[in-house]
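Look at the chain as a whole before turning to single residues. The report below goes from the overall fold to the core, the surface and the charged pairs.

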Amino acid sequence: MKFFKFLSENLFRKSFVIIFILTFFLYSFSFRFSFLLYIVPLAFFIAYLFFNRNFKIKLKALIFYFLLISFALLLFAGGLIDFDFLVRVKSAMYLALFFIPMSYIFYCEVDKHDLQTTYKNLLLSYFILGLFIFFLHSNGLINSNRYQHVGNILAGLTILLFGLKSKWYKWIFISIIFFLLLLSGSRQALVGLVFTLMVYLLVSNFKSVMYATIVGLIIFLNWDYIFKKIELFAHEKNIATLIRMTYAIKSNGGASVQVRFDIYKNLIQEINFLPNLSFSPNKDSLLPHNFFLEYFVTSGYLLGSLFFIFIIYLFIQTIYNHKNNVLVYFSIFYFVPFNVSSGLTSAKYFLYYCLLVIIIQSKKVKHESLISKR
């Protein structure tokens, strides 16, 4: 009995452990794995239900899960009628056996705490995870093609660090993590950071917008000089990731951006009013690189429009009511990179933090801000 009490008090009711485990799962767990590997998250979920028998879920979270379950059922139905069975059924099982149960644990645990506690737990989790993942990546222990995921974790950590009180070491931490982010070579992470900064400035005070405009104008007027210096430094030091970044800027995003536009154009033509059961998401030849598009094509205009409008509504309302909460901007960041990546494979991050937005909405606005204004 003491062992079960220890588990209950020190594992299933400590949100840091839950968030850290789930965040680590999010980085490493893919829908492409064998069904057998779902035993781990499913066992974790069953154990959680055993120790926590008080089920509560708010209306917005219920709508969110309803739309995802509908998506999973349509994937499964398409697989059963023999349209790319393996891809579609694996995608459906990923949602049903991993994302939905794991994210529900996150929802329940985070909803128990105030936003300050959630912020501290996420900051500690991302600090450990971000540096650990970057170390593995830079030493070749993680596939070099996964630099986008490394960059996005570091970008998320960069945003969370802004929630620290204005101490001198805050800016040292931010500078170090941002430098590591640049070394990761992730363009989508940088785009996401810029997008998040723009949203923050638009909803903050006029002074911030004015300062940002001045800084942006100075960079714009001296862009050629600044860019040449960065490009020269990248080639002199032979920093492959920085060379990749400068090439992407010179070529208007690089070939991958043009390919994405072609994919978007072709997939838009595939959208029907009713679900398209012949569409196989996340197949190598049909990677949608946008979860909204994947949802639209698979589920049709009706469910697709409901999902799109619901998510946009969530984010706009949360920004309006909680504009000084760093967790809002942490969630906004994930709106971008995982809707320009490979669809469901990467959308797990985006969907995960949609739930955080739902949780934030249910909390009362306090006078204490999670973003230092000094």
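What follows describes a predicted model.

**Overall make-up**

The protein chain contains 16 helices and 0 strands. Of its 374 residues, 50% count as buried. Contacts between residues at least 6 apart in sequence were also examined, and 77% of them join residues at least 24 apart. The chain exposes about 19100 Å², with carbon and sulfur atoms supplying 70% of that area.

**The interior**

Which residues have the most contacts inside the largest nonpolar core? They are Phe 64, Phe 99, Phe 291, Ile 311 and Phe 350, in a core of 85 residues. Helix 16, which covers residues 344–362, gives the largest share of this core, with 14 residues.

Leaving aside residues up to four places away in sequence, Phe 291 touches several phenylalanines, among them Phe 71, Phe 307, Phe 338 and Phe 350. Its other contacts include Leu 68, Asn 339, Gly 343 and Ala 347.

Cysteines can be checked as well. Cys 354 is buried, with a relative accessible area of 0%, and Cys 108 counts as buried at 12%. A search of the whole structure finds 0 disulfides.

**The surface**

Phe 76, Leu 80, Ile 81, Phe 85 and Leu 86 make a nonpolar surface patch of about 490 Å². Helix 4 (59–80) and helix 5 (85–111) each give two or more residues to this patch. Leu 86 is found in helix 5. Is Leu 86 buried or exposed? Its relative accessibility is 55%, so Leu 86 counts as exposed, the cut-off for that class being over 50%.

**Charged pairs**

Side chains of opposite charge can pair when their charged atoms come close. The count here comes to 2 salt bridges.

| Asp 111 | Lys 58 | 2.8 Å |

Why does the pair of Asp 111 and Lys 58 tie together separate parts of the sequence? Asp 111 lies in helix 5, while Lys 58 lies in the loop between helix 3 (39–51) and helix 4, so the pair ties together parts that are 53 residues apart in sequence. Lys 58 is partly exposed, with a relative accessible area of 39%.

In the other pair, Glu 109 is buried at 1% relative accessible area, whereas Lys 112 counts as partly exposed at 47%.

Terms used: Residues are numbered from 1 along each chain as its sequence is written. This is a predicted model: local features need pLDDT of at least 70, side-chain atom pairs count only at pLDDT 80 or more; totals for chains, interfaces and linings use all residues. Side-chain values use heavy atoms; hydrogens and water are left out. Helices (H or I, at least four residues) and strands (E, at least two) are DSSP runs, numbered from the N terminus. Buried means under 20% relative accessible area, exposed over 50%, partly exposed in between (1.4 Å probe, protein chains only). Contact means heavy atoms within 4.5 Å. Accessible areas come from the Shrake-Rupley method with a 1.4 Å probe; for residues, only the protein chains shown count as cover. A nonpolar core is a set of buried Ala, Val, Leu, Ile, Met, Phe, Trp, Tyr and Cys residues joined through side-chain atoms within 4.5 Å. Patches are made of residues with over 30% relative accessible area and no salt bridge: like charges are joined within 9 Å, nonpolar side chains (Val, Leu, Ile, Met, Phe, Trp, Tyr) within 5 Å. A salt bridge is a side-chain nitrogen of Lys or Arg within 4 Å of a carboxyl oxygen of Asp or Glu. A disulfide is a pair of cysteine sulfur atoms within 2.5 Å.
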